[in-house]
4 protein chains.
Amino acid sequence: MSINTFGHLFRVTTWGESHGPALGATVDGCPPGVPVDEAMLQHWLDKRKPGQNKFTTQRREPDQVKILSGVFEGQTTGTPIQLMIENTDQRSKDYGDIVEKFRPGHADITYWQKYGIRDYRGGGRSSARETAARVAAGGIARAALNALVPGIAITGYMTQVGPHKIDRARVDMDQIEQNPFWTPDATAADEWAAYLDELRKSGNSVGAVIEVIAQGVPAGIGAPVYGKLDTDLAAAMMSINAVKGVEIGDGMASAELTGVENADEISMGPNGPEYSSNHAGGILGGISTGQDVVVRFAVKPTSSILTTRKTITKSGEETEIVTKGRHDPCVGIRAVPVGEAMMACVVLDHVLLHRGQVGENRGKIG
Amino acid sequence: MSINTFGHLFRVTTWGESHGPALGATVDGCPPGVPVDEAMLQHWLDKRKPGQNKFTTQRREPDQVKILSGVFEGQTTGTPIQLMIENTDQRSKDYGDIVEKFRPGHADITYWQKYGIRDYRGGGRSSARETAARVAAGGIARAALNALVPGIAITGYMTQVGPHKIDRARVDMDQIEQNPFWTPDATAADEWAAYLDELRKSGNSVGAVIEVIAQGVPAGIGAPVYGKLDTDLAAAMMSINAVKGVEIGDGMASAELTGVENADEISMGPNGPEYSSNHAGGILGGISTGQDVVVRFAVKPTSSILTTRKTITKSGEETEIVTKGRHDPCVGIRAVPVGEAMMACVVLDHVLLHRGQVGENRGKIG
Amino acid sequence: MSINTFGHLFRVTTWGESHGPALGATVDGCPPGVPVDEAMLQHWLDKRKPGQNKFTTQRREPDQVKILSGVFEGQTTGTPIQLMIENTDQRSKDYGDIVEKFRPGHADITYWQKYGIRDYRGGGRSSARETAARVAAGGIARAALNALVPGIAITGYMTQVGPHKIDRARVDMDQIEQNPFWTPDATAADEWAAYLDELRKSGNSVGAVIEVIAQGVPAGIGAPVYGKLDTDLAAAMMSINAVKGVEIGDGMASAELTGVENADEISMGPNGPEYSSNHAGGILGGISTGQDVVVRFAVKPTSSILTTRKTITKSGEETEIVTKGRHDPCVGIRAVPVGEAMMACVVLDHVLLHRGQVGENRGKIG
Amino acid sequence: MSINTFGHLFRVTTWGESHGPALGATVDGCPPGVPVDEAMLQHWLDKRKPGQNKFTTQRREPDQVKILSGVFEGQTTGTPIQLMIENTDQRSKDYGDIVEKFRPGHADITYWQKYGIRDYRGGGRSSARETAARVAAGGIARAALNALVPGIAITGYMTQVGPHKIDRARVDMDQIEQNPFWTPDATAADEWAAYLDELRKSGNSVGAVIEVIAQGVPAGIGAPVYGKLDTDLAAAMMSINAVKGVEIGDGMASAELTGVENADEISMGPNGPEYSSNHAGGILGGISTGQDVVVRFAVKPTSSILTTRKTITKSGEETEIVTKGRHDPCVGIRAVPVGEAMMACVVLDHVLLHRGQVGENRGKIG
C-alpha cells in the first residue's frame, strides 16, 4: 500500500514526480454544484509558485493547472476532478551528482532502501513539487467551503525563521500579503530578509514555523476518537515535506500550563458560548468549539545545500556531496500556501463527515 | 462517520464509555500464528492502571482484559481479536454536578454541540479510560512485532512535567522502571514528586511531555506521501486524549537549525549506513532510516480540577464549576504506556504495509 | 489485512468464532439520537435463531444480544455500539472427526491453506454463526433507517428451494410470517416441507434462492462508480456464507432481454417519476430510482452432510468423511434475516453517504 | 463520498467523462520494479476499443494511453501511476435530444436526481467510456501479477448473447481470439453474428453473459469475511456499467444442487490437493482453492436504442425518445476486456493483501 490519498469523504490523491511529464491531484467527493474554474485554482498556485523572489528556488515553472474532469459549465458535478500541472522546466542535468550519492537529511536514501528504485530526477516523488498538487486540490476545498460554510476564512503565515520569531504584539494581519514571507509582522519580515540573504550566500539553509488559522468553523465539527479534527490536522501537516512538528493551540507549551491556566473559561454570548482565551486552539476532544482553529508546524531546513557533507554512494562507498541544484534557502516560505491547502481540505472533509453522520448541528445551548 | 478505527492493515477499533458496562478493542489484521495470551496483555494494562500511586486518579479499576475471539490454543488465528475490559468501579454519583454544566477545557461541551447527547457519566466516550483499550491492542501489536521483527524494542518515558524538564546528561534508561513517572532521570523524578504533591494539594493539575522511541525498526518502512511513518505517528499520538503537540526527532526545534546542522551525515558501517546524529528522529521522507524512531508529544493538564472556573450550563446560563471527581494531577503519567501502544500499532502496521506492497526490503546499499 | 469490516460511513466489524466464548459486532458511524434497545435487536435475532424447527440446525443457542456501549438512556450516542452474543451451546465434541480431515465444499481447507491455523471448533470464523452478529448490526441499521427515512420497509423471503421455485402468481406477502421458510407462496411452503423432510432423512442438503426488497428508498441514493448501490449490495450478499450468485432486478436473465423490453418506460405521477416496469430492480447507474430495490442471491447447499465423501487429511492422506454435527438441511432458510440485515446496512450507509456529499436530494423533476 | 476508487492495497481511481478533455486512472499501490510501458497497456485498450467491427459503437477513438507518472526507466517506482487517455472524437451534437429528456433504462435520470447536474454529453461519467480507464489499470495489474505470480493467466469470453448460449461441448479456448465476440465456441459466434445483424437493423439491442477465469491463482488468497475474494469479485463486476448479475462457479444454479452433488471431492495430487469438480469456482469461504477462479456476469442491453420509448423531461412533461447516437447493439462484447481487467485488479490486490498479513502461504498439506 502506497498511500497517496488523504481524506475520508473529500479524498485527494496526488500523483507525479518532480521531473516527469506532469503531476496533479485526483479529487473525489467534492459536492456537486460548487462554482469552480481554473483561474480560481491558479490564484493559489501562483502564491506557491517558485522563482518569485530570491528567497525561493530559482526553478521557473508556470505551474499552470488544467481541469480535466469533474467540472461542467463552471460547476462541480459530484464526480472526480482531475487537476493536472505539466512540468516544463525539467533541467535534470543539475542532478547528475546525486544519481549515485545520497544527500544527508534527504529522503533519497530511504526511498532507495524501501523501493530499490532510484528516481534521481530532482527527488522524484519526494520532491516538494508534489505540494503544487495539494495547493490545487486545496483550491477546490476552499471553493466548496465557501459554498457550504459562508464566512469561513483560512489564513497561513510564517511566525519564525531560524531563531527569529515574530513579536505577537506587532501582528497586523493586513501585512501578510505585503512581504515575501507572508508574515503579519512587518519588522520581522525585514529582519528575515537580511538573515536569509546572508544564509543563502553562505550556501546554507534554515528551518521555519508556519501557523494556519481557520476562522468561522462552526462548533461541533470533528470525529472522535481517531478521526479527530486535530488528529487529521496533525497528519495533514506532518505529511508536508520537511515538517517535523505539529502543534494545536498552545501545542508543546501546554506541558507547562496548569489546569487553572489552561481552562478556557466559558461565558454566554449573543450567538452562543464565548471563551476567555483559546489555549485549546479551537478544538476540544477532537471537535471544534467555534473559536479559531489554530495549527502550527515546523519545517526543517532544506537538505540540498551548497556546503559539503559526508555521505555514501549506492554501492556503499564513503564520499562527500555538495548539492548544486536550484533550491530554497528557506523551504518554509512556500509551505505557507501548502499548509492553508491542507487546512481547507481537512475542514471541508469534517464538514461533510458531520453532515453525513449527524445531519445537522444537534446540540443547542441556551 | 464516527471514526473509531485506526491503522491501514493492522486495524484497531476501540469502543466503550467510561461508565458503561465494558470497553475494549476490536483488533483486525493481526498476522496468524503470533503467540498471545491474556497475561501478556495484562502486563501493559497494569502499567497504565489507575490508582497505583498518589499521582494518578484514585479510581480503582482492575482493568482485567479478556480475549473473546481471534486466539486459539495460544496463537492468533488471523481473524479479529476482541479484547474486553469490564468496568467495575462506576461511581457515577461523583459526576452529579456536570450533568448540566460544562467543564472549561473539557470535551463535554463539544460532544454536546456535535451529537446533542450528553453522556455525563465520567466523560463517556471522551474519557481517558478509552486508552485502556489502546494499551490492550498495543499488547497484541508488540507480540506481533516480536514475532516479525526480532530485536525491536519500544520504550516510552516522561521528559517534562510542567516547567521541569529532564537533564539529558543524567539519562539512564534503567531508571525508567524505578519511579512512578517512567522517567530515565532519577533526579527529575524526585523533583516532580515534590512538585506534583504541592499541585495536587492546591487542587490544580499540570501538563507533561512524553517521548517514545522504537529501536530496531528496519530501514525502508513507511508509506509516502500521506501514510508516512511520521504522518501516522503524528495522528496516533494526537489522537490520545489531551495531546496538543507532536514532534519527530528535533521537532519544533528544527525550525532553528541550519541545513548544515540538520544534515545527519552518513557513513558506511558493518551492517549498512550509519549516521553521525539523529535530528531526523529516524525518519526521512516518511520512511525509516534504521535509526531510533523518536516521537515526542505534549499532554495538556487535566481540565477536571478542584479550582473554581467560570462556565455555562446546557441551557446557556452562566455559572461556576468545581470538578470533585477522582482525577490525575498529571494525566501525562498514564499517557506513557498509551504512547508506547500507539507506537507499536503504527510500526506493526507499516511493517505489514511494506511487506504487502514491496515484499521485502529491496534497495541494498553496498 | 483481514477484512472484517463493511460499510463506508456506517461501519460494521463482526468478530468471534462459532465455539469461542462470544461473538458480536462493533458498529461505528450510527447517527446519534436513534432509539435503540436490546429487545429491538433480539426480535431479529430470534428470527434467525437456530433450532426453531426441524429444517434448521438443532444446535440450541439463545443468541441473546447485549449492548455494551454506544447507547445511553435508550438512544444511540453517535459513538461505537458494541453488540455481544455469548456462545452457550458449544458441543465441540461433535467435531472430533474434522480436526484432521477437510470437508469437501467447506472453507476449512482454504482457511488452513491461508493461515496455517486450524480452528476445528465448528468452523471457527467461517461458521454461519458469524451471521448472528450481522443480524444484530442490521437491527441497528433498521432503527436508524426508521428514524431517517420514514416509510422505508425491508423484507426478505425465499423464492426457491432446490429445483422448486415459487409461483409469482401465488405471491401473498402476508404469508411470509406464516411458514418456516419465510416465503410468500403458501403452496410452495408445503411442497418444500415435504421435499426437505425427505432430503434430511437421506443425509443430504440443498441450496436455495432468497430475495430481499427495500421499499421506500428515495431516488438519488448511491455512489458511482465503485460504491454503487448495486455494487455494495452485491458485495454484501456475496459475503454471506455459501452465497454463490447475486442478482439485481432481472439479474442474469437481463442477458436475454432486448433493449426495447428492458427499458422501464417513464411517466409522470403525482409524486414524481413512475415506471412501467422494474427490470432495473430500482437501480440505474448505481443510483436508486425510487422504485423497489430488488436483490436476489443463491445459497449453495451445506457441505456438512451425513453422506460419505472423499477427502484428504492435513497430512495429505486420502480418506473419507461424514459430518455428524447438527446442521441445516437448507442453510438458505436462515439466510433470509441475514439478507435483510445486509440490505438495511447498505441502504443506511448510502443514505448517510448521500447526505454527506450531496446534502439533500438536489435534482428536482417537474 | 463519491466512491471512484476500488481495491484495498492496489487502489485504482478512475476519473473523466465521456466527452470531457480526457479520462484516466490513478493507480496507487503497484509494487516497485514491475516492467511496464505504454505499449503493454495499449494492447488491452485496443482489445476494448470501439469501432472495430459492426457489432460495436461506430464512435472512433484511438484510446491512446499515456503514462504520466510512477514509471521510470521502464519500471514501476512504487509511487502512483497516472494513466491518461485523451478524448478526441467528441461529437456531442449527436446528443442534442437528451439534454432535456431521460432515456428509459439509462442512468441519466438518477444522476440528475442525485446531483442536480445534467452532464448530457454522452452520459458524462456514467458512460461506458469510463471502462477504458479500467482496462488501462488492468494492464498494470496484469504486469504486476506476471512479476509476482508466474504462470497466472486471466481470460474472458462471451458465453451468451440474448437467448443464445454457447455449447460447452464445443468450447475451444484457441477460438477466443478468432471472432469478434471473444467466444470459445466458433459455431455460436456465427449464430450471434447473424442474430445481432438483424437486431441492429431493427434499432434494438440485447444483453449478454461474460465469463472470466483466472488460472494459476495459488491456494490461500482471499480475506474473510467482508473482503472475500468472491465478495470483491462480485463488487468489481457489478460495478461495470449495465451489469445486473454476478456468479461464482455454479452461481445461481447452486440453489438446485444437493450437498452431495455440490461437494467437490478432494484427493491428493503431486502438487497438493486436487478436486473432482469445480462447483465452487475456485473459492471456498472467500479464499482461493488453487483451482480456476470462475466468475460470470450478465450485461443488460444498451438503453440507447433507435426504438421509440415513453419518457419524461427534466421539467416533468411526458414525451417520447429515440436515441440516435452511435451505440453498441450488444455492449456486452466490449465488457470482455473490462471483466478481465477487473479480475486482474482484484487478484493482484488479494495477492498483496495476503503477503501483507500472512507473509507467505503458511498451511502446508502433506
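**What covers one helix**

Hi everyone, let's start with a helix. Contact here means heavy atoms within 4.5 Å. Helices are DSSP runs of H or I with at least four residues, strands are E runs of at least two, and both are numbered from the N terminus.

A word on the source: this is a predicted model, where local features need pLDDT of at least 70, side-chain atom pairs count only at pLDDT 80 or more, and totals for chains, interfaces and linings use all residues. Residues are numbered from 1 along each chain as its sequence is written, chains are lettered from A and ligands numbered from 1 in the order in which they are written, and side-chain values use heavy atoms, leaving out hydrogens and water.

Buried means under 20% relative accessible area, exposed over 50%, and partly exposed in between, with a 1.4 Å probe and protein chains only. Just after α2(D), D:G116 takes a positive phi of about 70°.

Now over to chain A. Chain A has seven helices and 18 strands, and buried residues make up 71% of its 366 residues. Along its principal axes, the C-alpha trace spans about 70 × 50 × 35 Å. Among contacts in chain A between residues at least 6 apart in sequence, 70% join residues at least 24 apart.
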